[in-house]
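Visitor: Hi, could you walk me through this one?
Guide: Happy to, here it is.

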Amino acid sequence: MYLIDISRNGQPSYDARVNQSLDNYFVNDLKLPGRGFMFYVNQPSVIIGRNQNVWAEVDIGYLHEHNIQLVRRTSGGGAVYHDMGNFIFENILTDNVDDFGDYGHFAEPVLKALRKLGIDVQMKANSSDLILDGKKWSGMTMFKSGSGLAAGGTIMYDLNIENAKQVLAENQLESQKGLGVRSKRSPIVNLKDYLPTGMTMADFREYLLKELFSVKSLDEIETYHMTAADWQKVDEHLAETYGTDAWNYGHNPGYYDYADTELAAGKLGMNWTVEDGKVVHLKFNPFFKADGDLKSIETGLIGKKPSNWTISRLVKRAKLKNVDNNLLIEFIGNSLS
């Protein structure tokens with residue numbers, strides 16, 4: 001097993017959209033032999049499964065207000081919150097998928113290292129969650145592509161649990177639509193309070209890596225350092241797909257189309273579905289605090305043909321003070337038509 005160094009120009013990468021796309025690059029593009037291992041930290045972000053409806057899983061207003069990234073995985077699984085108090089580990093295999101679906105196989109080295117510290121961690125029965133005192137401290141996911149796979153999960157050291165609760169707020173009305181895979185909500189717990197006194201996050205990282213690689217010094221770990229060529233290819237994937245709002249917000253079950261536009265107040269995204277000429281689903285995604293009633297436009301268009309007259313009437317009734325009505329009418333009309 002070798003460690004994959006995802007630093008760039010000597011600096012660690014905390015951008016969740018970048019980091020979450022790397023497993024796909026190593027499995028599908030670079031295909032290094034053997035077993036790679038990534039161990040990194042993301043800035044505050046919500047990671048949702050490939051087949052999840054963001055509107056059912058996430059409080060988008062809270063997400064934007066607190067500058068939390070939204071990142072859609074290439075794999076399945078539920079929605080989770082990451083921040084700088086949370087590690088992510090991933091195993092990368094390019095020529096062996098025998099253990100695909102066996103979460104316990106990939107969790108066991110981490111569980112073993114924590115048990116060595118006297119912490120009674122377990123894998124929840126019939127689940128991909130790792131638990132302590134009945135609460136979740138890691139959620140795992142994996143995907144397979146050809147002869148390769150990526151499998152890993154979170155390790156909560158000192159996650160901001162309040163942020164996690166606020167941003168991962170289920171929308172009951174949206175959930176009732178049955179669009180996309182639902183998350184299984186579980187109480188969560190940090191490992192910090194169970195670790196030896198004085199063990200900092202840096203200490204914890206060093207301990208885990210030494211245990212996982214069976215070394216006495218981090219210098220002994222075989223490491224693959226990402227090259228400029230690697231990063232160029234990753235950047236291409238980000239520009240084409242994984243770094244775009246069209247993927248992260250727009251690739252949304254039940255909402256077949258996505259568009260966004262830049263207004264004076266900020267970016268405005270829109271997810272929608274039109275069938276037989278009528279609006280079936282519609283959600284606005286303002287990256288700013290809208291001063292007015294965007295929601296009334298959504299509900300007013302559902303079940304109707306999006307004529308210019310109907311759109312104009314609803315926009316004017318919404319009384320948006322920080323949005324140009326004409327630009328909004330044009331954006332909605334051009335998109336829905």
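Guide: Let's start where helix 11 and helix 12 cross: the crossing is right-handed (the near helix is turned clockwise from the far one by less than a right angle). Helices here are DSSP runs of H or I with at least four residues, and strands are E runs of at least two, numbered from the N terminus. This is a predicted model, where local features need pLDDT of at least 70, side-chain atom pairs count only at pLDDT 80 or more, and totals for chains, interfaces and linings use all residues. Residues are numbered from 1 along each chain as its sequence is written, and side-chain values use heavy atoms, with hydrogens and water left out.

Visitor: At what angle do helix 11 and helix 12 cross?
Guide: Roughly 140 degrees, with the axes of helix 11 (residues 308–318) and helix 12 (residues 325–336) coming within 10 Å. Axes are lines fitted to C-alpha atoms over the stretch in contact, and angles run from 0 to 180 degrees between N-to-C directions.

Visitor: Which residues in helix 11 and helix 12 meet?
Guide: Asn-308, Ile-311, Ser-312, Val-315 and Lys-316 in helix 11 touch Asn-325, Leu-328, Ile-329, Ile-332 and Gly-333 in helix 12, where contact means heavy atoms within 4.5 Å.

Visitor: New topic: what volume does the largest pocket have?
Guide: About 940 Å³. On a 1 Å grid over the protein atoms alone, a pocket is an open set of points with protein on both sides within 12 Å along at least five of seven lines, a cavity is a set where a 1.4 Å probe fits but cannot get out, and lining residues have an atom within 4 Å of a point. Points are joined across faces, edges and corners, and a volume is the space filled by probe spheres set on them.

Visitor: Which lining residues are closest to the centre of the largest pocket?
Guide: Of its 47 lining residues, those are Gly-78, Ala-79, Val-80, Asp-129 and Lys-136.

Visitor: And how many cavities of 30 Å³ or more are there?
Guide: The search of the whole structure finds one, and the largest cavity has a volume of about 50 Å³. Its lining residues include Arg-17, Gln-20, Trp-247 and Asn-248.

Visitor: Which element gives the largest share of the largest cavity's lining?
Guide: Helix 1, with three residues. Strand 4 (69–72) and helix 9 (245–248) each supply at least two.
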